Amino acid sequence: MNQSSQSPAVSRRSHHHWRREAVELAAVFVAVAAADLAANLMAHGPGGPVLLTGSAVLLLAVTGFHTWWSRRHGHSPPGPPAPDTATSPVAGESVLWRLRTTVCDTPGSLAALCGALAAEGVDILTLQTHPLSDGTVDEFLVRAPSTAQSQELIRTVSTAGGRDTWLERADTHDLVDTPTRVLTLATRTALDTAELPLALRQLLGRCRIRSLPAGSGELPPADGVLEEFALRLRDPSGGTLVIERPYLPFTPTEFARARALVELDAQLGTRVPHRRDVLTLPEGNEITVRRAGPADLPAAQAMHDRCSPTTLSRRYHGPIGDATRYLGHLLSPRHGRTLAVETASGRLVALGHLLWDGDETEVALLVEDEWQGRGVGAELLRRLVALAQEAGCGAVYAVTKSANTPMVAAMRNLGLPLDYLVEDATLVITATLNHSAENSPRVQRQPHGHQHTREL
C-alpha cells in the first residue's frame, strides 16, 4: 500500500497559501464596500460631480507623472536576470571585463566610481584616462565575481556617476599594460608593413579599416580627422585611411595613438621580412618559401603568363582583365600577406595570398602547372593559416570551383572545423581557427621533407 507523507515545509506553504487567499478575499469585500460608498456619495451627495471631476484630474496627473518618469529613466539598464541555478557559475571564480565609462571631470568622481566597484567585489587591474572637453573617459580592465551580471555592473557604474557605459568580456591577453602593448604593436609595425592594419585593430578593438585610393575624390587629410565614430588618416601608400567603429566613439587619445602608428609606418616605407625557409620535397627538389612584396610583380606576372587557362580559371573563377593591376593589389602588404615559392634557380612558381577581411580572412593559391601535385600548395596553405592564427583571425575561407579537388583536399588536411557553402559551381570553404598552440597547423603537421631556415 502506498503512503503519502507531507514535509513540514510543504505544510507551512499550504498554511501560507490559505492565509493569502483569506486576505485577498477580505480585500475584495473592502473594495466593494468602498465602491458602493463612493457611488452613493456621487449620486446623492451635493458634491458628487465635484468629487468625480477631482478624481479624474488626479488620475490624469498620476498618469502624466508616470509617463514623464518613464521617459526620463527609460535608458537605464534593466535589472539583472534571475539567476539560473542549473547554470550558475561556481562561487569564488572571477571574470575579466573591459569597462569604459564617462565621468565628470571633478575631484572625487573617479574615487566614487572606484569605491562603488570595490563595494561590489570588483578588482581594478588597469586604468586608462581619456580627457574630453566635457568630462573624462575612464577605461578599466577589471576582475569581477563570476556571479556578477553585466547589467548589474553597468547599473553600479551609472549609480556612481558614470554615463555612456560600455562593457565587454576580456581575456588574459588584455592583462598586458597599455604602454607595453603599444610598444609591441609599434615594433611589429616597424618590422613588417603588413602589420599596420592588424596593429590598428588590436589598438582600437573591433573596427573596419578601409583604404581609399588617391583618385577616389576624397582629399587625404594632412593631420588626420577625428570624428565620433570614424578616424581619417593619410594612408602611407597614398590616399586616405578610414577607420570606423560604430559601436563605440573614438577619443582624442585613441586618435593620437593611431596617428602615431600610421606616421611611423610612413617614415619607414615598405618593409617585408627577409626570412627564407628552404624545403626539400620528397622527390629531392629544393624550394624556398618567403614573403613576397611589390618588388615581385614582374616575376609574378611571368609565372601568371606560364599558367594554363584551366589553372587560372580555378584561381580566379572567371576571366581577369588587367592581370598586372590585380597582381599588384595582391602583392601589396596593405591588403594582407603573400608567400612566394621559388625553385633553386630563383624562378617563382607559386603564390599564396592571405587577404584581410575583418574577422574572416581569405586564402588564395596559384601554383604553376608543372609544380602542381607535389605538395607545394598544401605547404603554402598550411603556412598561410598559421599566419592567420598569429594575427588573431577567427576564420579563413577559400573561394574556388566545386571541381577543384586539390584545394578541397588541402583544406581538409588542415585538421580544422570546415563549413561548405555551394552556389552554382562556386564553393566557399570556411575553416574556423583554433588559437591554442597545441592545435596550430604549424605544430600539428610537419612540412614535406627536410626543412632548414636561413636568415638573410
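Author: Angles between axes under 35 degrees count as roughly parallel, those over 145 as roughly antiparallel, those from 65 to 115 as roughly perpendicular, and the rest as oblique. The structure is a predicted model, in which local features need pLDDT of at least 70 and side-chain atom pairs count only at pLDDT 80 or more, while totals for chains, interfaces and linings use all residues. Residues are numbered from 1 along each chain as its sequence is written, and side-chain values use heavy atoms, with hydrogens and water left out.

The setting comes before the detail. The protein contains 13 helices and 17 strands, where helices (H or I, at least four residues) and strands (E, at least two) are DSSP runs numbered from the N terminus. Of its 456 residues, 37% count as buried, buried meaning under 20% relative accessible area, exposed over 50% and partly exposed in between, for a 1.4 Å probe and protein chains only. Among the contacts with a separation of 6 or more, 65% join residues 24 or more positions apart; a contact means heavy atoms within 4.5 Å.

Two packed helices are described by the angle between their axes and the distance between the axes. The axes are lines fitted to C-alpha atoms, for helices over the stretch in contact, and the angles run from 0 to 180 degrees between N-to-C directions.

Helix α7 (residues 252-268) packs with α5 and also meets α6. The axes of α6 (residues 195-204) and α7 come within 11 Å and cross at roughly 165 degrees, and therefore these two helices are roughly antiparallel to each other. Their crossing is right-handed; a crossing has this hand if the near helix is turned clockwise from the far one by less than a right angle, and is left-handed if anticlockwise. On the α6 side the contact involves L196, A199, L200, L203 and L204, and on the α7 side E254, R257, A258, L261, V262 and D265. By class, the residues of this contact comprise eight nonpolar, no polar and three charged. Here Ala, Val, Leu, Ile, Met, Phe, Trp, Tyr, Cys and Pro count as nonpolar, Asp, Glu, Lys and Arg as charged, and the others, Gly among them, as polar.

With α5, helix α7 makes an angle of about 25 degrees, the axes lying 10 Å apart, which makes α5 roughly parallel to α7. This crossing, too, is right-handed. T178, L185, A186, T189 and A190 of α5 meet R257, L261, L264, D265 and L268 of α7. The contact divides into six nonpolar, two polar and two charged residues. R257, L261 and D265 of α7 take part in the contact with α5 and also in the contact with α6.

Another helix pair is formed by α8 (residues 297-306) and α10 (residues 323-331), packed at an angle of about 125 degrees with axes 10 Å apart. These two helices are therefore oblique to each other, and their crossing is right-handed. L297, A300, Q301 and H304 of α8 form the contact with A323, T324, L327, G328 and L331 of α10. Five of the residues in this contact are nonpolar, four are polar and none is charged.

Helix α11 (residues 376-390) may be taken by itself. Its 15 residues span 21 Å from the first C-alpha to the last, close to the 21 Å expected at 1.5 Å a residue, the expected span being 1.5 Å times one less than the number of residues. Of the 15 residues of α11, 13 are buried. G392, which follows α11, has a positive phi near 85 degrees.

Several single residues complete the account. V176 sits in the loop between β4 (163-169) and α5 (178-191) and is partly exposed, at 38% relative accessibility. Its C-alpha is separated by 9.1 Å from that of T126, 50 residues apart along the chain. Within strand β4 itself lies D164, a residue other than glycine with a positive phi, near 50 degrees. D164 is exposed, with a relative accessible area of 60%.

V122, in the loop between α3 (109-119) and β2 (123-132), is buried at 7% relative accessibility. Beyond its neighbours within four places in sequence, V122 is in contact with L117, V142, R143, A144 and L153. P213 occupies the loop between β5 (208-212) and β6 (225-226) and is exposed, with a relative accessible area of 51%. P213 and T240 are 27 residues apart in sequence, and their C-alpha atoms are 6.6 Å apart in space.
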